[in-house]
Amino acid sequence: MRAAGFVLDLQQPGVWLASEGVTIDLLVPEAVGGAGRRGARLGEHGNRAARKARGLEATLVDNEPMEITALAADDERLCQIAVAGPAALLVAKLHKLGEREEASGRSDDKDALDVLRLLRASPTQTLAGRLSMLRDNPRSGAVTVEAMDYLRALFAEPTAPGSQMAARAATPLEDADVVAASSAALATDLLNTGEVRQPQAR
């Protein structure tokens, strides 16, 4: 990060700043971030280079390699990077929304719209199957169960906080009532699938 011109924010662990106004957050799943409350313990990198975040554990389980190319046509750089799948992204977004809702006043409407986009983009049965897999994995099980509780509390009704946040974020490109109803319908469909609703027999 320093070689790329970033400096570490002295106030918050994991926040890197560039002179152009660019900010990058480096986050580590809480379950593998070591002791302490906020900063991830990263050996020689210390405890301020990255910040722990609950809910990212699912990305350790649901990910696939993807080729990332440069934006410029004459730039031939290419990297293969493990990218989180839709189920892991949904779990992470729901944790962000749920935890900020509990902290009151810190939620971002765009995060709720991202949840709706994930629900729209992924077939319900496919998403449910991936969430079931995450729920049954020791690394991601607890955070996935918590994420489904957040989904139920925030999106299961058109008047629920998450549905209303998504509606605000989509306005004026989409009708607010349609977005709220769509959020609730898709969330309810997902929550009512057998894979998500019932724990698997041990």
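## Salt bridges, a pocket and a cis peptide bond

Both Arg135 and Asp136 are buried, that is, under 20% relative accessible area, with exposed meaning over 50% and partly exposed in between (1.4 Å probe, protein chains only). Their side chains meet in a salt bridge, 3.5 Å from N to O. This is a predicted model, in which local features need pLDDT of at least 70 and side-chain atom pairs count only at pLDDT 80 or more, while totals for chains, interfaces and linings use all residues. Residues are numbered from 1 along each chain as its sequence is written, and side-chain values use heavy atoms, with hydrogens and water left out.

**Salt bridges**

- A salt bridge here is a side-chain nitrogen of Lys or Arg within 4 Å of a carboxyl oxygen of Asp or Glu, and the count by this rule comes to 14.
- Asp109 pairs with Arg168, their closest N and O atoms being 2.9 Å apart.
- That pair links distant parts of the chain, 59 residues apart: Asp109 is in helix H2 (residues 109–121) and Arg168 in helix H5 (residues 161–170).
- Helices (H or I, at least four residues) and strands (E, at least two) are DSSP runs, numbered from the N terminus.
- Asp109 is partly exposed because its relative accessible area is 23%, and Arg168 is partly exposed at 49%.
- Arg120 and Glu174 also form a salt bridge, at 3.1 Å from N to O.
- Here too the pair links distant parts of the chain, with Arg120 in helix H2 and Glu174 in the loop between H5 and helix H6 (176–191), 54 residues apart.
- With 38% relative accessibility, Arg120 counts as partly exposed; Glu174, at 31%, is partly exposed.

**The largest pocket**

- The largest pocket holds about 890 Å³ of space.
- A pocket is found on a 1 Å grid over the protein atoms alone, as an open set of points where a 1.4 Å probe fits, with protein on both sides within 12 Å along at least five of seven lines; lining residues have an atom within 4 Å of a point.
- Its lining has 24 residues, and Leu27, Arg51, Ala53, Lys96 and Arg100 lie nearest the centre.
- S3, strand S5 (51–53) and helix H1 (86–103) are the elements that give two or more residues to this lining.
- H1 gives the most, with 7 residues.
- By class, the lining has 9 nonpolar, 3 polar and 12 charged residues.

**A nonpolar surface patch**

- Met1, Val22 and Ile24 form a nonpolar patch on the surface, with about 210 Å² of accessible area together.
- Patches take residues with over 30% relative accessible area and no salt bridge, joining nonpolar side chains (Val, Leu, Ile, Met, Phe, Trp, Tyr) within 5 Å and like charges within 9 Å.
- Ile24 lies in strand S3 (residues 23–25) and counts as partly exposed, at 31% relative accessibility.

**Backbone and loops**

- Thr171 and Pro172 are joined by a cis peptide bond, with omega about 10 degrees.
- Most peptide bonds are trans.
- Pro172 sits in the loop between H5 and H6.
- Gly33 is in the loop between strand S4 (27–29) and S5, and Gly33 is buried, with a relative accessible area of 0%.
- From C-alpha to C-alpha, Gly33 and Lys110 are 27 Å apart in space, and 77 residues apart in sequence.

Key:
Areas by Shrake-Rupley, 256 points an atom, 1.4 Å probe, with all protein chains shown as cover. Points joined across faces, edges and corners; volume = space filled by probe spheres on them. Nonpolar A, V, L, I, M, F, W, Y, C, P; charged D, E, K, R; others polar.
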